[in-house]
Amino acid sequence: MNIVIVGLGLIGGSMAKALRQNTAHRVLGMDVNDDALLDACSCGAIHGKASPEDLKQADLVYLCVYPETALEFARTWGPQLKEGTILTDTCGIKGEICAGMEQLRGTGRYRFVAGHPMAGKELSGFGASDPSIFVGASYLIAPCGAPEDAVETVAAMAREMGFGRVVYTTPQEHDQIIAFTSQLPHALACAYVMSPRCRQHKGFSAGSYRDVSRVANINDVLWARLFLDNRQSLVKELDELMGNLTAIRQAVEGEDEERLRALLRAAAQIKREEG
C-alpha cells in the first residue's frame with residue numbers, strides 16, 4: 001500500500017519506523033517541521049516527503065496530530081483523497097474527533113476509522129520515536145460506521161507494527177475509560193510533584209516516587225487539550241479520586257486505624273484482582 005503519515009512526532013515517527021521495519025509498504029511523511037522530515041528521511045523511517053499528488057494516491061493515511069489539526073486536515077484534503085482511501089487518527093480522545101468526522105461525512109470518498117495506539121513516552125518529537133514502544137501494546141479502534149474491511153485493514157496494520165492486542169470500542173466508552181487509565185494518572189503525577197517536598201526527594205526516594213511521578217514530565221500543550229476535550233469524563237474521575245483521598249485523609253487525621261486498614265485492604269484486593 002501507499003501510506004502517508006501526517007505528523008512525525010513520537011507516535012507518527014514510531015509508526016513510520018515500525019512500518020518500514022516490518023512491512024513492504026511505501027511509507028511517506030508530512031510534517032510542518034522540516035527538520036523532522038529531514039531526520040525521518042535520513043534514518044530511513046520514511047521513503048520520502050509526501051507531495052500533494054502522493055496524498056491523492058494514498059491507500060492509507062495516518063493522522064498523528066492534535067484532534068483539531070486532524071479535523072482541519074480532513075476538511076482540506078478529504079475531498080481530494082481517492083475513493084476508498086482509509087483515513088485514521090491516533091488521537092487520545094475519540095468523542096470530539098468522531099463527531100467532527102461525522103459532520104464531514106460525504107465531503108470526500110475516504111473511509112474514516114478512529115484509532116488510538118496505547119503506547120508512548122514522557123518525551124516527544126521525532127527524536128524520541130521508537131517502534132519498540134508498540135511491541136505487545138494495545139491498539140484501540142472505534143469503527144465510527146466504517147466498512148468492515150477498512151476496520152480490519154487498520155487492525156491488521158496495528159498487528160504488523162507489533163501491537164499485541166486490538167480492542168474495539170465506541171467513542172463514548174473510549175473517552176470514559178481513558179479518563180481513568182491515562183488522563184487521571186497524568187493529572188495525579190502533576191499534582192504530586194507540585195509538593196515542595198519534591199525538590200528535596202533525592203536520597204529519600206525509590207520505586208514509589210518514580211512510579212507516581214514518571215508521567216509528570218508532560219507535554220503541556222497536548223495534555224491540556226486532551227484534558228479539556230474530555231473534561232466531563234475527567235472531572236468525574238478527579239472527583240472520584242479526591243473522594244477516596246479524602247476518606248484516607250480523614251482516617252489518618254482521626255487516628256482511625258480500623259477504618260484506615262479497611263480502606264487499604266479494599267484497595268489491595270482490587271489491585272490483586274484486576275492487576
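**Exercise 1. Is F163 buried or exposed, and what is its relative accessible area?**

Before we start: this is a predicted model, where local features need pLDDT of at least 70, side-chain atom pairs count only at pLDDT 80 or more, and totals for chains, interfaces and linings use all residues. Residues are numbered from 1 along each chain as its sequence is written, and side-chain values use heavy atoms, with hydrogens and water left out.

Step 1: Find F163 in the loop between α6 (148-160) and β8 (165-168). Helices (H or I, at least four residues) and strands (E, at least two) are DSSP runs, numbered from the N terminus.

Step 2: Check the area. F163 comes out at 5%, and buried means under 20% relative accessible area, exposed over 50%, partly exposed in between (1.4 Å probe, protein chains only). So F163 is buried.

**Exercise 2. Work out which residues F163 touches.**

Step 1: Skip residues up to four places away in sequence; you're left with P117, M118, F134, G136, A137, S138, Y139 and A158.

Step 2: Pick S138, which sits in strand β7 (residues 138-142). S138 is buried too, at 18%, and its own contacts include H116 and R165.

**Exercise 3. Find the edge strands of the open sheet.**

Step 1: Write down the order of the 8 strands: β3-β2-β1-β4-β5-β6-β7-β8, with mixed pairing. Two strands pair if DSSP finds at least two bridges between them.

Step 2: Look at the ends. β3 (48-49) and β8 each have a single partner strand, so one side of each has no neighbour in the sheet.

Key:
Contact means heavy atoms within 4.5 Å.
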